[in-house]
Amino acid sequence: MAAPLLVSAAYAQARERADATASAIYQRSFAAFEGKSLEQKVGILTDRAEIMELVHRYAHNVAHDLTVAGLFTDDGAFISHQIDQPVSEVRGRAQLDHFYAGLAAGPTHPKPMIHNHLIEISGDEAIGICSL
């Protein structure tokens, strides 16, 4: 008989937040430009381009053993959903540095292929998900 899986409250909360975020983004239709002026649309496109640039830099840096923690805000998080795996959440600059240093030292070197971006921008905040 398999041992029961012990899940911490923090892990369970992180999983719920990640699942709720993804579910909300999947269910909404794309309406970022509805009712917006040309100036506002240009601002939204600029924000989206800057977010995409961060994702591109992230993939490049991981593939070339360069630090990525500087691409996150101080309270930023890397949340990973993998099939048949528990959700993994790494939060904060120190944890991010430690996590990525471990990847570079591991037996297989990651080469991220990131695509299918969904980005929602609301004022000065954004939420994004993507596929690897």
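**View 1. The whole protein, for orientation.**
Start here to get your bearings: the protein has three helices and four strands, and from the N terminus they follow the order α-α-β-β-α-β-β. Helices (H or I, at least four residues) and strands (E, at least two) are DSSP runs, numbered from the N terminus. Of the 132 residues, 19% are buried; buried means under 20% relative accessible area, exposed means over 50%, and partly exposed lies in between (1.4 Å probe, protein chains only). The protein exposes about 9,700 Å², of which carbon and sulfur atoms supply 57%. Accessible areas come from the Shrake-Rupley method with a 1.4 Å probe, and for residues only the protein chains shown count as cover. Among contacts with a separation of 6 or more, 43% join residues 24 or more positions apart, where contact means heavy atoms within 4.5 Å.

**View 2. Confidence along the chain.**
The average pLDDT is 79, and 80% of the residues score at least 70; pLDDT is the predictor's confidence in each residue, from 0 to 100. Over residues 1-8 the pLDDT is below 50, and this stretch has one contact in the model beyond near neighbours in sequence. Where pLDDT is low, the predicted coordinates should not be read in detail.

**View 3. The second largest pocket.**
About 400 Å³ of space lies in this pocket. On a 1 Å grid over the protein atoms alone, a pocket is an open set of points where a 1.4 Å probe fits, with protein on both sides within 12 Å along at least five of seven lines; lining residues have an atom within 4 Å of a point. Grid points are joined across faces, edges and corners, and the volume is the space filled by probe spheres set on the points. The lining has 17 residues, and Phe30, Ala32, Ile119, Glu120 and Ile121 lie nearest the centre of the pocket. Both α2 (38-63) and β3 (115-122) supply at least two lining residues, with β3 giving the largest share, six residues. By class, eight lining residues are nonpolar, four polar and five charged. Here Ala, Val, Leu, Ile, Met, Phe, Trp, Tyr, Cys and Pro count as nonpolar, Asp, Glu, Lys and Arg as charged, and the others, Gly among them, as polar.

Leaving out residues up to four places away in sequence, His117 touches Met52, Val55, Ile129 and Cys130. Its C-alpha atom is 6.9 Å from that of Gly128, eleven residues apart along the chain. Asn116 also belongs to strand β3, but is exposed, with a relative accessible area of 52%. Although Asn116 is not a glycine, its phi is positive, at about 55°. Most residues other than glycine have a negative phi.

Asn61 lies in helix α2 and is buried, at 15% relative accessible area. Beyond residues up to four places away in sequence, Asn61 touches Leu66, Thr67, Val68 and Leu71. Asp65 lies in the loop between α2 and β1 and counts as partly exposed, at 49% relative accessibility. Phi of Asp65 is positive, near 55°.

**View 4. Gly76 and Ser80, around strand β1.**
Gly76 lies in the loop between α2 and β1 (77-80) and is buried at 9% relative accessibility. Aside from neighbours within four places in sequence, Gly76 is in contact with Val90, Arg91, Gly92 and Leu96. Gly76 and Leu96 are 20 residues apart in sequence, with 8.7 Å between their C-alpha atoms. Ser80 is in strand β1 and counts as buried, at 10% relative accessibility. Not counting residues up to four places away in sequence, Ser80 touches Pro86, Val87 and Ser88.

Terms used:
Residues numbered from 1 in each chain as written. Predicted model: local features only at pLDDT ≥ 70, side-chain atom pairs only at ≥ 80, totals over all residues. Heavy atoms only, no water.
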